[in-house]
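User: I'd like to learn how to read a structure like this one feature by feature. Could you take my questions one at a time?

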Amino acid sequence: MQTGLDNLRELRRGDRKKLNRRIAVMFIAVIGLFLAMCCMRTTVIGFISPVTAVKNICAMLRVTLVDLFGWGSLSAADIISGHSYYYETVGMFKSALLVIVTGAVLSMAGGVVQCVFRNPIATASMLGVSSSVNIVNMILVITYSSSIYQMIQMRYVLSYAVSLGSLLIIYIISRLMGGKKSSVTDMLLVGTVFMRIVQNFVQVYQYYYMTEDDYLILEELNTYGTTAYETQTLLVMYGLLLVCVLILSSMRFSLNAISFDDDDSRTLGIRADRLRLIALVCAVMMESVAQVNYGNIGMLSLLIPHVCRYWLGSDFRVVLLGSAGLGAVTLLVCRLIMYLLSFNYYLSLISMGSIISVITTPLLIIVLLQQKRGWT
């Protein structure tokens with residue numbers, strides 16, 4: 001008996017080491033791709049030296065401290081003057097950081113939604129996130145036309161508000177359908193119907209009432225998104241996302257339990273309804289950011305948790321961490337491809353969502369064909 005237990009412990013230690021190695025490889029890849037992206041030029045295809053890139057990033061941090069707190073004896077202009085390719089490095093640094101954060105939170109949101117609904121094809125888009133962002137874009141385009149490109153903060157705020165309002169409506173309707181007892185199946189059903197109603201309304205309004213210029217602006221926003229690189233806007237957005245990630249991390253043990261039936265979760269002393277709603281609020285906020293920044297890239301939130309469950313196991317704690325790393329790597333690779341295509345006019349019209357679909361669809365097929373683990 002003792003020999004069998006020792007063998008079991010040895011197997012578990014071996015699995016844990018293999019899991020740790022795979023997670024470490026993902027995060028090393030994130031760091032490597034991030035540094036490579038920071039060394040890229042923005043005006044021509046080429047690279048600057050890593051030493052120059054690091055110096056420029058340090059100068060950017062000094063400039064930020066000077067602007068925010070007035071620290072240091074030199075002005076921002078004096079600090080920048082001694083660094084070549086400064087603005088190119090700063091632009092690529094902010095872009096790479098935003099890509100990493102967006103890929104991580106979008107993939108984590110997908111893992112959370114699939115865990116909560118116990119459904120491997122569930123995404124936050126089924127809860128009205130995409131439709132909510134689209135209707136926010138339409139309202140702002142109708143009101144402000146092309147000025148919407150300078151209204152990044154308003155787009156974030158309204159997208160958060162409308163997405164959370166849609167989630168609340170879906171939750172309330174599903175509770176009423178279930179006799180004041182929420183059902184994951186009812187929420188998905190109501191969310192799908194709600195999403196279709198909003199999309200049909202948007203399409204009808206576009207066809208009959210929008211001008212051609214406003215229609216083109218709206219399509220561009222929904223397809224490509226708009227990214228904000230203002231330091232204060234980014235810091236506020238990162239702060240909100242950090243709160244969501246910390247909440248989900250603190251719930252990682254309980255979310256494993258609510259993947260079972262509600263009655264089984266209740267026997268463990270877990271309020272499944274409350275935890276489900278909190279997790280969905282965080283997931284909706286995280287996916288709203290991705291939708292605003294890069295348009296329709298929800299395919300990433302569907303694929304990455306699949307790959308993580310196949311590669312790392314079905315434990316939600318591991319899926320949450322692995323989704324963050326693998327999502328960041330995938331979106332960084334897609335962003336690098338966009339960078340290479342951006343110097344050709346026709347290829348630069350390809351959106352991030354199209355690149356993600358081309359890359360991830362074969363990968364999803366391979367995973368589904370080779371997957372031996374069921375939905376556990």
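User: What percentage of the 376 residues in the chain is buried?

Analyst: Buried means under 20% relative accessible area, exposed over 50%, and partly exposed in between (1.4 Å probe, protein chains only). By that cut-off, 47% of the 376 residues are buried. Before we go on: this is a predicted model, where local features need pLDDT of at least 70, side-chain atom pairs count only at pLDDT 80 or more, and totals for chains, interfaces and linings use all residues. Residues are numbered from 1 along each chain as its sequence is written, and side-chain values use heavy atoms, with hydrogens and water left out.

User: Where is confidence lowest in the chain, and where is it highest?

Analyst: pLDDT is the predictor's confidence in each residue, on a scale from 0 to 100. Helix H11 (residues 262–267) has the lowest mean, 60, and helix H4 (residues 86–117) the highest, 88. The chain average is 81, with 88% of the residues scoring at least 70.

User: How many helices and strands are there?

Analyst: Helices (H or I, at least four residues) and strands (E, at least two) are DSSP runs, numbered from the N terminus. Here you get 15 helices and zero strands. For contacts, meaning heavy atoms within 4.5 Å, look at pairs at least 6 apart in sequence: 76% of them join residues at least 24 apart.

User: Which side chains meet in a salt bridge?

Analyst: Side chains of opposite charge can pair when their charged atoms come close. The rule is a side-chain nitrogen of Lys or Arg within 4 Å of a carboxyl oxygen of Asp or Glu. That gives a count of one salt bridge, between Arg-41 and Glu-88 at 2.9 Å, N to O. Arg-41 sits in the loop between helix H1 (2–38) and helix H2 (50–69) while Glu-88 is in helix H4, so the pair ties together parts 47 residues apart in sequence. Both Arg-41 and Glu-88 are buried.

User: What does the side chain of Ser-166 make a polar contact with?

Analyst: A polar contact is a pair of N or O atoms within 3.5 Å; within protein, one must be able to donate a hydrogen and the other to accept it, and residues adjacent in sequence count only if both atoms are side-chain atoms. Ser-166, in helix H6, pairs with the side chain of Ser-132 at 2.8 Å. Leaving out residues up to four places away in sequence, Ser-166 touches Leu-127, Gly-128, Ser-132 and Phe-194. Its relative accessible area is 5%, so Ser-166 counts as buried.

User: Which residues make the nonpolar surface patch?

Analyst: Patches take residues with over 30% relative accessible area and no salt bridge, joining like charges within 9 Å and nonpolar side chains (Val, Leu, Ile, Met, Phe, Trp, Tyr) within 5 Å. Areas come from the Shrake-Rupley method with a 1.4 Å probe; for residues, only the protein chains shown count as cover. Ile-169, Ile-173, Met-177, Leu-189, Val-193 and Ile-197 make a patch of about 540 Å². Helix H6 (152–177) and helix H7 (184–209) each give two or more residues to the patch. Val-193, in helix H7, is partly exposed at 44%.

User: Which residue has a positive phi although it is not a glycine?

Analyst: That's Tyr-85, with a phi of about 60 degrees. Tyr-85 lies in the loop between helix H3 (76–81) and H4, and is partly exposed at 39% relative accessibility.
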